[in-house]
Structures are given as structure tokens and as C-alpha cells.
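Visitor: I would like to learn how to read a structure like this one. Could we go through it feature by feature?

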Amino acid sequence: MFRKGHSNKTIKLLSFFDELLTWEPQVKYLGLILDNKLTFRQHTKHNDENFWNKVHLIIPLIGRHSCLSLNNKIPLYKQVLRTVLTYAAQIWSLSTKTHREKIQTLQNKILRMMTNAPWFVRNEVLHNDLQIENHVKNISRKSFSKIADHPNPLINNQLEFAHNNGKYPYPYSTTKWSLPLKPP
């Protein structure tokens, strides 16, 4: 079915059981917000809101003035807050660097709150002292290595959609999807 668009271009419409389907710029599927260019901007924004909602609930336990030790605060952070930050990280870790940095900034802020670290302590020092690694990068490496070794050829061929110029050891290091989703 075809229809004239607002710029006199013919737009192809999808139908399902004689019902017209509209093309949406973003869709939420299993808690992951997918946009038509796979930038994950909305998903990052949604993660940010969910993260701060959880922080406000758990701040009496892990905040600056909490009487819990750091040995008790870290498992709470990993079990409650990090899971919110890294939900579906295998997929959105291929997003733009700025969106991944926003997630890293949230993690840095909560680690500073937990430790009551002054402004001059570097984030790397906090991460090393608390033994908190870059969880998104580790999850992404594991999932890509599993994809490369997967026996199903449909799953194995998914790596062909990522640009890899040979400079980086992992195809997701500088991935830009070669086939962005576009309306029909």
C-alpha cells in the first residue's frame, strides 16, 4: 500500500492482517529502548532516570553518612545499582561513546558518594581501590567472543554487520552499524 507523503514522496506503508502499521522512531522491547538509528540515546536517558530512582531508595545504606563499611556497600552497589546501569549492555555497548560515557559518569558519581572521596581523587584510583572494573566492556567482550564461536550460522554472521578496520582487537571497539534501521 502506498500513500503520498508531505513532501510529495510516495511512502510505503506496512500492513498486518489488513491493518496499517505506523513507523515509530523508537520502540521499547524487553526493557530496551531501540531507536531507528541505534544510538540508544533514549535508553541511556531511561537508564539514568531508573538509576537515580534506585539511588534515592538505597542512599541511606550506601551514602556518605551511612554507618555501613565499604565492604558492605560495594555488594549493594553491584547487586542493586550496577544491574540498572548495565541492563542489556551487550547490545547498547555498541552505541556512541558519549552515551557510554554518561553511564560511566553515573557510576563515578555513586562511587564518590559511597567513599566520600574528595574532588581531587581520580576516578581511576577509586575504581582500582574498590576493584570495580569497566563492567560494560567486560560484558561486551564476553558476548562478542560467544557470538564469534557460536555454532548457529545466523548468530555467527552478526559480526559481519560491524565495521572492523583491523586496527582494534575487538570488532566492537569502534563499531558503527553498517545497516541502520530506516523506515520503508
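Visitor: Where does L126 lie?

Guide: This is a predicted model. L126 lies in helix α5.

Visitor: Is L126 buried or exposed?

Guide: The cut-off for buried is under 20% relative accessible area. L126 has 7% relative accessibility, so L126 counts as buried.

Visitor: Which residues does L126 touch, leaving out those up to four places away in sequence?

Guide: L126 touches R112, T115, A117 and V121. Take R112 from that list: L126 and R112 are 14 residues apart in sequence, and their C-alpha atoms are 7.8 Å apart in space. R112 is also one of the buried residues of α4.

Visitor: What else is buried in α4?

Guide: The buried residues of α4 are H99, I103, L106, Q107, N108, I110, L111, R112, M113 and M114. They pack against α1, α2 (70-85), α3 (89-92) and α5 (123-130).

Visitor: How many residues does α4 have, and how far does it reach?

Guide: α4 has 19 residues. From its first C-alpha to its last it reaches 27 Å, close to the 27 Å expected at 1.5 Å a residue. Just after α4 comes N116, which takes a positive phi of about 60°.

Visitor: What describes the packing of two helices?

Guide: Two packed helices are described by the angle between their axes and by the distance between the axes. Here, helix α1 (residues 41-62) and helix α4 (residues 97-115) pack at an angle of about 5°, and their axes are 10 Å apart. Angles under 35 degrees count as roughly parallel. α1 and α4 are therefore roughly parallel to each other.

Visitor: Which residues make that contact?

Guide: From α1 come R41, T44, N47, D48, F51, W52, V55, I59 and I62. From α4 come H99, K102, I103, L106, K109, I110, M113 and M114. Sorted by class, the contact of α1 with α4 has 10 nonpolar, three polar and four charged residues.

Visitor: Back to phi. Which value does L30 take?

Guide: L30 has a positive phi of about 55°, although it is not a glycine. L30 is placed in the loop between β5 (26-29) and β6 (32-35). Its relative accessibility is 61%, so L30 counts as exposed.

Visitor: And where does A88 lie?

Guide: A88 lies in the loop between α2 and α3. Its phi is near 65°, again a positive value in a residue other than glycine. At 16% relative accessibility, A88 counts as buried.

Visitor: Is K146 buried or exposed?

Guide: K146 is exposed, with a relative accessible area of 60%. K146 is in helix α6 (residues 135-148). K146 and N156 are 10 residues apart in sequence and 8.8 Å apart in space, C-alpha to C-alpha.

Visitor: Now the chain as a whole. How many helices and strands are there?

Guide: The protein chain has seven helices and six strands. Read from the N terminus, its elements run β-β-β-β-β-β-α-α-α-α-α-α-α.

Visitor: How many residues does the chain have, and what share of them counts as buried?

Guide: The protein chain has 184 residues, and 29% of them count as buried. Its accessible surface comes to about 12,900 Å², of which 57% belongs to carbon and sulfur atoms.

Visitor: What share of contacts joins residues at least 24 apart in sequence?

Guide: Among contacts between residues at least 6 apart in sequence, 50% join residues at least 24 apart.

Terms used:
Residues numbered from 1 in each chain as written. Predicted model: local features only at pLDDT ≥ 70, side-chain atom pairs only at ≥ 80, totals over all residues. Heavy atoms only, no water. Axes fitted to C-alpha atoms, helices over the stretch in contact; angles between N-to-C directions. Helix = DSSP H or I, 4+ residues; strand = E, 2+ residues; numbered from the N terminus. Parallel < 35°, antiparallel > 145°, perpendicular 65-115°, else oblique. Contact = heavy atoms within 4.5 Å. Nonpolar A, V, L, I, M, F, W, Y, C, P; charged D, E, K, R; others polar. Expected span 1.5 Å × (residues − 1). Buried < 20%, exposed > 50% of the residue type's maximum accessible area, 1.4 Å probe, protein only. Areas by Shrake-Rupley, 256 points an atom, 1.4 Å probe, with all protein chains shown as cover.
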